[in-house]
Amino acid sequence: MKKIATVLSTLLILTITFTGFAQEKRRVFQGFDGGMMIHAGYLRGHIPSIQYQAKGATFGLGGVARAHLGKHWMIGGEGYVSTLRQMKNGSYIKYGWGGFLGEFYWPFKYVMPYIGVTVGGGACTTLLMFDGDRTDWQPEHNAVFHKQPFMAIDPFIGCDFIITKSVHLTLKADCLNSISNGNLLMPIGPRLYFGCIFYH
């Protein structure tokens, strides 16, 4: 948690510095945007602590807000929740994360490809019921619950489809790297995002 706090504090200071510079240099600050995105992906990986192989489709929701610096750069923040259902009995592995992002984009007439990375933190919550019935009110004796914080490093690539000057549809792919105690948390895999972004 100390490492995550240090990284977030550093990024916050950098963001405030850049924002102050942008306010002084109007040519640098080009506006801002924000919006919501839904996502789906496929995760898999072995959880050694309980000898469990997790895999399957994950779904989730989140959002982003960014400031535009110059003609090709954005800084801002984003956050998401992504849930991987398991064993068809109410079990799940849930990732919640957010952080500061830096992004390079190249606008054309109708499209705007971009690439970037988000650095921040989050938590992975795991609830696995290996027997029992989720419809009854009986205690489940063979179940595991665990919540673990992590540092998030999330590279991404995508493209905006320019509908109007103020409205873009966006499509992006990422791969969240969740690092805790020097280890990469499992399961891991790619996610595909789709959303609507409003530009000002």
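Trainee: Okay, my notes say that, on a 1 Å grid over the protein atoms alone, a pocket is an open set of points with protein on both sides within 12 Å along at least five of seven lines, a cavity is a set of points where a 1.4 Å probe fits but cannot get out, and lining residues have an atom within 4 Å of a point. So which residues lie nearest the centre of the second largest pocket?

Mentor: Ile47, Ser49, His146, Gln148 and Leu185 lie nearest its centre, out of 15 lining residues. Before we go on, this is a predicted model, where local features need pLDDT of at least 70 and side-chain atom pairs count only at pLDDT 80 or more, while totals for chains, interfaces and linings use all residues. Residues are numbered from 1 along each chain as its sequence is written, and side-chain values use heavy atoms, with hydrogens and water left out.

Trainee: Got it. How much space lies in that second largest pocket?

Mentor: About 320 Å³. Grid points are joined across faces, edges and corners, and a volume is the space filled by probe spheres set on the points.

Trainee: And which elements give two or more residues to the lining of the second largest pocket?

Mentor: Strands S1 (29-47), S5 (111-129), S6 and S9 (183-184) do. S6 provides the largest share, three residues. Strands here are DSSP runs of E with at least two residues, helices are runs of H or I with at least four, and both are numbered from the N terminus.

Trainee: What about the residue classes in the lining of the second largest pocket?

Mentor: Eight are nonpolar, seven are polar and none is charged. Nonpolar covers Ala, Val, Leu, Ile, Met, Phe, Trp, Tyr, Cys and Pro, charged covers Asp, Glu, Lys and Arg, and the others, Gly among them, count as polar.

Trainee: What's the volume of the largest pocket, then?

Mentor: About 380 Å³. It has 16 lining residues, and Gln30, His68, Tyr105, Lys165 and Tyr199 are the closest to its centre. Its lining splits into seven nonpolar, seven polar and two charged residues.

Trainee: Which residues line the largest cavity?

Mentor: Among them are Met37, Arg66, Glu78, Glu103, Asp160 and Lys172. By class, that lining has six nonpolar, one polar and five charged residues. Strands S2 (52-69), S4 (91-105), S6 (143-162) and S7 each supply at least two of its residues.

Trainee: Asp160 lines that cavity. Which aspartate does the side chain of histidine 168 make a polar contact with?

Mentor: Aspartate 160, and the side chains are 3.0 Å apart. A polar contact is a pair of N or O atoms within 3.5 Å; within protein, one must be able to donate a hydrogen and the other to accept it, and residues adjacent in sequence count only if both atoms are side-chain atoms.

Trainee: Is histidine 168 buried or exposed?

Mentor: Buried, because its relative accessible area is 5%. With a 1.4 Å probe and protein chains only, buried means under 20%, exposed means over 50%, and partly exposed is in between. Histidine 168 sits in strand S7 (residues 167-175). Beyond its neighbours within four places in sequence, its contacts (heavy atoms within 4.5 Å) include Met112, Phe161, Cys196 and Tyr199.

Trainee: New topic: where is the cis peptide bond?

Mentor: The cis bond joins methionine 186 and proline 187, with omega about 5°. Most residues other than glycine have a negative phi, and most peptide bonds are trans.

Trainee: What's the phi of glutamine 51?

Mentor: It's positive, about 50°, although the residue is not a glycine. Glutamine 51 lies in the loop between S1 and S2 and counts as exposed because its relative accessibility is 60%. Asparagine 181 has a positive phi too, about 55°, and is in the loop between strand S8 (177-180) and S9.

Trainee: Last one: how many helices and strands are in the protein?

Mentor: One helix and ten strands. Of the 200 residues, 40% are buried.
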